[in-house]
Amino acid sequence: MNADPKPKRRWVPVVLALSLALNLLVVGVAVGTVLRLKGGDHAKSPPGFGPALYRALPKDDRKAMRGELTGLHKKGSKGRTQDFEALSQALRATPFDPVAVQVLLQQQAQATADLQQALQTQWLARVTAMSNDERQAYADRLQEVVKRGPHGHKKRD
């Protein structure tokens, strides 16, 4: 028997996990494309809550909200750039530290939650400032946005 044991290849599980993730991503994209083209249940689903609330606002309000939140968006973009660099380093680290990656994922989730909270605050301030008639018209536009579905097309019944 050989006295020298073979060294463990710690990179093999990481490569296998990344390969599996990539395969699942490709399958997900393919299934999503087929469902979208065939008009499956996805085509019948309403749009995301936030995008629908935003799209139903008058054009001037949407433009104003974008301007008011530009600073927060730029800060988030800079943070994402730094986080992607940190993620790249964490994925290349030997040994792999899943806790470091989890911290990065949590930071991104918090940044997304902060942006969503800022958007909701801005949206609620605009809706609160509307007159009763303006809110009724907004509710009508919101219903129309929901009827059009996630891609802005009329739903098939």
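## Helices H4 and H6

Axes are lines fitted to C-alpha atoms, for helices over the stretch in contact, and the angles between them run from 0 to 180 degrees between N-to-C directions. In this predicted model, helix H4, which spans residues 59-68, packs against H6 at an angle of about 140 degrees, and the two axes lie 11 Å apart. Angles over 145 degrees count as roughly antiparallel and those from 65 to 115 as roughly perpendicular, and H4 and H6 are therefore oblique to each other.

The crossing in which H4 passes H6 is right-handed. On the H4 side the contact is made by Asp-61, Ala-64, Met-65 and Glu-68, while H6 contributes Leu-119, Gln-122, Trp-123 and Arg-126. Sorted by class, the contact of H4 with H6 has four nonpolar residues, one polar residue and three charged ones.

## Arg-126 within H6

Arg-126 belongs to helix H6, which covers residues 98-129. Is Arg-126 buried or exposed? The relative accessible area of Arg-126 is 16%, and because buried means under 20%, Arg-126 counts as buried. When its neighbours within four places in sequence are set aside, Arg-126 is in contact with Asp-61, Ala-64, Met-65 and Glu-68.

## Helices H3 and H7

The axes of H3 and H7 come within 8 Å and cross at roughly 130 degrees, which makes H3 oblique to H7. H3 passes H7 in a right-handed crossing, and the residues that make the contact are Ala-52, Leu-53, Arg-55 and Ala-56 of H3 together with Tyr-138, Arg-141, Leu-142 and Val-145 of H7. The contact of H3 with H7 comprises six nonpolar residues, no polar residues and two charged residues.

## The largest nonpolar core

Nine residues form the largest nonpolar core, namely Ala-52, Leu-53, Ala-56, Leu-57, Met-65, Val-127, Met-130, Tyr-138 and Val-145. Helix H3 (49-56) and helix H7 (132-148) each supply at least two residues of this core, and the largest share, three residues, comes from H3.

Val-127, one of the residues of this core, is in contact with Arg-135 and Tyr-138 when its neighbours within four places in sequence are left aside.

Most peptide bonds are trans. The bond from Thr-94 to Pro-95, however, is cis, with omega near 0 degrees. Pro-95 is found in the loop between helix H5 (70-92) and H6.

Definitions and conventions:
Residues are numbered from 1 along each chain as its sequence is written. This is a predicted model: local features need pLDDT of at least 70, side-chain atom pairs count only at pLDDT 80 or more; totals for chains, interfaces and linings use all residues. Side-chain values use heavy atoms; hydrogens and water are left out. Helices (H or I, at least four residues) and strands (E, at least two) are DSSP runs, numbered from the N terminus. Buried means under 20% relative accessible area, exposed over 50%, partly exposed in between (1.4 Å probe, protein chains only). Contact means heavy atoms within 4.5 Å. A nonpolar core is a set of buried Ala, Val, Leu, Ile, Met, Phe, Trp, Tyr and Cys residues joined through side-chain atoms within 4.5 Å. Angles under 35 degrees count as roughly parallel, over 145 as roughly antiparallel, 65 to 115 as roughly perpendicular and the rest as oblique. A crossing is left-handed if the near helix is turned anticlockwise from the far one by less than a right angle, and right-handed if clockwise. Ala, Val, Leu, Ile, Met, Phe, Trp, Tyr, Cys and Pro count as nonpolar, Asp, Glu, Lys and Arg as charged, and the others, Gly among them, as polar.
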